[in-house]
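Please read it with the structure open beside you.

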Amino acid sequence: MTRLSHLTSRNFLIALHDLLATTAALFATFYLRFEGGDGFFERLPLLFQILPYFLAFSVVVFFIFNLTTTKWRFISLPDALNIIRAATVLTVALLVLDYIFVAPNVRGAFFLGKVTIVLYWFLEIAFLSALRMAYRYFRYTRVRRHARNDDAAPTLLIGPTADAEVLLRGVESGAIKRIWPVGILSPSRADLGQLIRNVPVLGGIDDVEDILTDFANRNKAIARLVMTPSAFEPEAHPESVLMRARKLGVIVSRMPSLESGEAPRLTAVAVEDLLLRPSEKIDYTRLETLIRGKAVIVTGGGGSIGSEICERVVAFGAARLLILENSEPALYAVTETLAARSSGAAIVGRIADIRDRERIMRLMAEFKPDIVFHAAALKHVPILERDWSEGVKTNIFGSINVADAALAASAEAMVMISTDKAIEPVSMLGLTKRFAEMYCQALDHDVAASASVKPPMRVISVRFGNVLASNGSVVPKFKAQIEAGGPVTVTHPEMVRYFMTIREACDLVITAATHALGPARPDVSVYVLNMGQPVKIVDLAERMIRLSGLEPGYDIDIEFTGMRPGERLYEILFASEEPTCEIGVPGIMAAQPNEPPMQTLRKWIAALEQAIARDDRATIRTILKDAVPEFGSTAAGGKSEVASRFHRSSGRR
């Protein structure tokens with residue numbers, strides 16, 4: 001009934017066309033088979049008797065196989081197969097009619113015969129397809145004509161032909177405008193000389209400079225390169241392509257990941273594209289099932305992670321969203337961005353500091369959230385090394401306030417964004433985040449133990465490392481230094497960090513929440529994201545310099561400034577004595593660190609409150625060291641054993 005209620009006048013016109021085509025196919029079949037002689041005219045009376053019933057049956061067949069509802073402009077191979085299926089069903093119906101109902105009972109001989117039925121099958125396919133294909137070709141040529149005439153830039157596509165074909169379809173459909181593909185560079189030499197939707201494969205990816213020079217010499221200069229997602233894989237040497245294009249003054253664009261669900265479009269190439277490892281496959285249906293129709297709160301919603309979580313929960317169908325942020329400009333920016341998306345969610349932004357326990361309790365009680373994502377934190381390592389008490393107030397007491405308020409408001413889950421620096425911490429950032437993790441673990445355990453009827457609230461933490469282009473990350477800093485003419489400053493030549501995109505990190509955070517809220521309550525509350533392979537910071541600096549069309553050490557110098565307080569050379573994903581377990585979700589594992597009882601945590605919290613009031617740094621450090629004995633452990637600097645455990649456990653190499 002739903003499909004029938006959506007039919008329009010256009011669908012009825014299509015149905016009328018198909019009926020006329022079927023009628024024409026039948027009469028043409030009889031005329032050709034019986035040569036227009038007496039045999040043809042003798043069969044007309046019975047044919048006219050059968051025709052209304054056959055046409056009524058054909059309407060049903062066409063609707064079942066989507067012929068009535070398919071837009072002719074986008075006719076493709078699956079639609080051609082549907083035409084063949086419909087014609088086959090109608091042909092079988094004629095066969096049954098001739099051999100079972102008509103021949104024995106009416107004529108005493110076959111009315112149609114095998115040859116007639118086979119001929120009808122071919123004609124039915126031809127008649128149903130002809131006008132559709134003609135219209136498809138008409139629209140195709142018109143779009144191509146407009147695409148070529150509207151100041152379209154001659155464009156070279158770089159990447160596998162399968163990816164290039166998607167982009168070419170986007171150009172043909174009008175989804176991608178103002179470019180005119182003149183050639184493809186494919187990593188497969190077997191593609192050389194082939195035509196992909198009438199666009200030739202001119203060479204391999206390493207031939208980019210020669211091809212650009214050749215077109216320029218023929219006064220047909222290529223104005224733009226478009227790199228497909230696969231062109232950014234390490235073996236494709238994307239840096240080389242980008243450097244050559246920059247030197248020749250050619251604009252470079254990229255397509256989004258074909259697995260991201262985004263429509264084909266072109267975006268600028270950023271250094272982040274050079275760091276991307278293959279993304280984990282996200283089950284978006286699973287995320288929509290969790291978020292759709294829910295009331296969600298995001299603390300720190302104006303920050304890099306918080307604002308992306310806001311965008312994702314709105315995209316996944318949240319009914320209501322409350323954004324808590326203590327920065328007025330950041331709150332304004334994120335609410336304006338979300339309002340421009342015209343989603344169905346009711347979005348509210350409120351100025352609030354997570355340190356203000358009474359205000360956080362009151363706002364959550366009024367909003368009554370289903371899920372709380374706690375992204376608010378102080379995260380800059382050297383600053384927190386200088387201002388310990390502020391880190392304790394925000395990262396520890398602020399997290400306690402958010403968790404307690406979520407519990408009091410009867411939320412389903414509170415998800416705290418943690419950090420890989422909480423593992424065997426050597427900084428105040430890691431130390432305060434580890435303490436917050438411990439509180440969340442203990443609260444999750446106590447809530448589960450005291451639950452009677454309703455499912456208890458889950459309180460989980462999700463650890464991950466650096467996200468590309470986030471506030472305070474090294475990528476924007478390097479960009480600014482390169483634009484200023486250098487030097488680019490790196491703390492240590494052996495400094496290594498994990499990186500992932502903000503989008504993937506946030507999607508995996510929500511995925512972790514779906515696991516925690518699964519039908520069978522899992523006995524884990526600390527999740528760890530797969531950050532891929534670590535990146536050497538000096539290599540990142542060199543890549544960014546080359547991406548700008550410059551040479552490191554010649555055009556832009558790299559200076560080593562020394563490690564800052566609270567830093568370590570290598571980040572790790574699990575502590576050396578921390579049990580881990582596989583949860584069956586790609587890209588996520590669970591950690592099972594030590595879990596002090598809530599009673600012990602309460603004593604430490606009370607002592608911290610008193611020390612904070614006195615600004616007693618020595619006591620603060622003693623209490624935190626007592627709570628997290630591995631603080632400052634030398635094992636935290638090692639990389640070989642622990643950093644690779646995720647890959648061994650998840651079957652990666």
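1. Cysteine 440 is buried, its relative accessible area being 1%, where buried stands for under 20%, exposed for over 50% and partly exposed for what lies in between (1.4 Å probe, protein chains only). The model is a predicted one, in which local features need pLDDT of at least 70 and side-chain atom pairs count only at pLDDT 80 or more, while totals for chains, interfaces and linings use all residues. Residues are numbered from 1 along each chain as its sequence is written, and side-chain values use heavy atoms, with hydrogens and water left out.

2. How many disulfides does a search of the whole structure find? The search finds zero, a disulfide being a pair of cysteine sulfur atoms within 2.5 Å. Cysteine 310 is in no disulfide, and the nearest cysteine sulfur, which belongs to cysteine 506, is 9.3 Å away. Cysteine 310 is also buried, with a relative accessible area of 0%.

3. The salt bridges come to a count of 16, under the rule that a side-chain nitrogen of Lys or Arg lies within 4 Å of a carboxyl oxygen of Asp or Glu. One of them joins glutamate 165 to arginine 197, with the closest N and O atoms 3.2 Å apart. Because glutamate 165 lies in helix α6 (residues 161-173) and arginine 197 in the loop between β3 (195-196) and β4 (199-203), this pair ties together parts that are 32 residues apart in sequence; helices (H or I, at least four residues) and strands (E, at least two) are DSSP runs, numbered from the N terminus. Glutamate 165 is partly exposed at a relative accessible area of 21%, and arginine 197 is partly exposed at 25%.

4. Aspartate 207 and arginine 189 also meet through their side chains in a salt bridge (3.4 Å, N to O). This pair links distant parts of the chain, 18 residues apart, since aspartate 207 sits in the loop between β4 and α7 (208-217) and arginine 189 in the loop between β2 (179-185) and β3. Arginine 189 counts as exposed, with 53% relative accessibility.

5. A further salt bridge is formed by the side chains of glutamate 308 and arginine 503 (2.6 Å, N to O). Glutamate 308 lies in helix α10 (residues 304-315) and arginine 503 in helix α17 (residues 502-516), so the pair ties together parts that are 195 residues apart in sequence. Glutamate 308 counts as buried at 11% relative accessibility, whereas arginine 503 is partly exposed at 32%. Elsewhere, Arg355, Glu390 and Lys393 are linked in a network of salt bridges.

6. Two cavities of 30 Å³ or more are found in a search of the whole structure, a cavity being a set of points, on a 1 Å grid over the protein atoms alone, where a 1.4 Å probe fits but cannot get out, and lining residues having an atom within 4 Å of a point.

7. Leucine 16 belongs to helix α2 (residues 9-34) and counts as partly exposed, at 46% relative accessibility.

Terms used: On a 1 Å grid over the protein atoms alone, a cavity is a set of points where a 1.4 Å probe fits but cannot get out, and a pocket is an open set with protein on both sides within 12 Å along at least five of seven lines; lining residues have an atom within 4 Å of a point. Grid points are joined across faces, edges and corners, and a volume is the space filled by probe spheres set on the points.
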